[in-house]
Amino acid sequence: MPAVPVIASKKATPVLAAETKPASRDAKPALARPVTRGPRLAIVLNGFGYSAELAKQALASLPPQVGFAVSPYVANLPDFMQRAYADGHEIYLTLPMQGAGPDQGDAGPHALGYGHNASADMLSLEWSLSRVPNAIGVLASDPSADIQIVQSSPAFVSTPDFRPIANALAKREFLILADPSETKRQVRGMNLTDVLGLDDSASTIDDELAALSEQAHGDTPVVVVSDTITPVGLSRLAAWLPHLGEQGVALVAPSALVDNGEPATTATPSR
């Protein structure tokens, strides 16, 4: 991804986005109040729910501005979602999408993308959405994907065949969180700035987090998604976040940085 320009700043005033906690797990989630000024950083923790212990740790140690991305395949999803939703965390569904080639792994029985027709894609989308009723958006990118593989073949989200999926999500007022290098997002949502590696050593993670606060002082707000959740990554993130405001950076909920995407263009599905 392109580097974010760094601009030095001496200000150290924390500004947090207002959060609205949902009244019930069945209510329509409310978006955060838009934040348009100052250095801003939004974080989405990917892989939430795969480990019950790490999910409990994340809920206990992270502020509500941190969003959670969850796979529809997580077995004990309802329990984790109810707690996260009640605590005010924004929830994003990680769309399972099949890679461009058969050697790129199996994204599961409800995957969208290559090898499936449009009707099958819509059925898979409906199934995934039904698994995460409190989600306000979808993560249409794979932070853990091999970069060389992604560069050698186009991601499904960047093809015209993804357009019906995007239209269906927009109709239901779902936000799309996507990598701008993979797709020209034409619906409301946020562009990913980078991937936060949380599976490295503590010192490496600390270096990445320090770089994020510098990036946030640039002209563009920073939106990052983690590649996974690990014990060391979670502990370093939880220890770093309380001091972010001292660096003049506002930790905001991802939806506080929402935009309407790029103008729509006419595209004919290739299938």
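**Entry 1: a term before I start.** For helices, I take an axis to be a line fitted to C-alpha atoms over the stretch in contact, and angles run from 0 to 180 degrees between N-to-C directions. I also note that the model is predicted.

**Entry 2: a helix pair.** I looked up helix H3, residues 118–131, and helix H5, residues 163–171. Their axes come within 10 Å and cross at roughly 35°. I noted the hand of the crossing of H3 and H5 as well: it is right-handed. Next I listed the residues that meet. H3 brings Asp121, Met122, Leu125 and Leu129, and H5 brings Pro164, Ile165, Ala168 and Leu169. I sorted the residues of this contact by type: seven are nonpolar, one is charged and none is polar.

**Entry 3: the whole protein.** I stepped back to the overall picture. The protein has seven helices and 11 strands. It has 271 residues, and buried ones make up 47% of them. I then checked contacts between residues at least 6 apart in sequence: 76% of these join residues at least 24 apart. The accessible surface comes to about 12,900 Å², and carbon and sulfur atoms hold 54% of that.

**Entry 4: the cores.** Which residues touch the most other members of the largest nonpolar core? I found Leu41, Leu45, Phe48 and Leu62, in a core of 56 residues. Helix H2, residues 77–86, gives this core its largest share, five residues. Leaving out residues up to four places away in sequence, Leu62 touches Leu45, Phe68, His89, Leu234, Leu237, Ala238 and Leu241. I also found another core, apart from the largest one.

**Entry 5: a loop residue.** Is Ala216 buried or exposed? I first placed it: Ala216 sits in the loop between helix H6 (202–215) and strand E10 (222–226). Its relative accessible area is 2%, so Ala216 counts as buried, the cut-off being under 20%. I then asked which residues Ala216 touches, not counting those up to four places away in sequence. The list is Pro39, Arg40, Leu41, Val222 and Val249. Leu41 is on my core list too, as one of the residues that touch the most other members. Last, I checked Ala216 against Gly248. They are 32 residues apart in sequence, and 9.3 Å apart in space from C-alpha to C-alpha.

Notes
Residues numbered from 1 in each chain as written. Predicted model: local features only at pLDDT ≥ 70, side-chain atom pairs only at ≥ 80, totals over all residues. Heavy atoms only, no water. Helix = DSSP H or I, 4+ residues; strand = E, 2+ residues; numbered from the N terminus. Left-handed = near helix turned anticlockwise from the far one by under 90°. Contact = heavy atoms within 4.5 Å. Nonpolar A, V, L, I, M, F, W, Y, C, P; charged D, E, K, R; others polar. Core = buried A, V, L, I, M, F, W, Y, C linked by side-chain atoms within 4.5 Å. Buried < 20%, exposed > 50% of the residue type's maximum accessible area, 1.4 Å probe, protein only. Areas by Shrake-Rupley, 256 points an atom, 1.4 Å probe, with all protein chains shown as cover.
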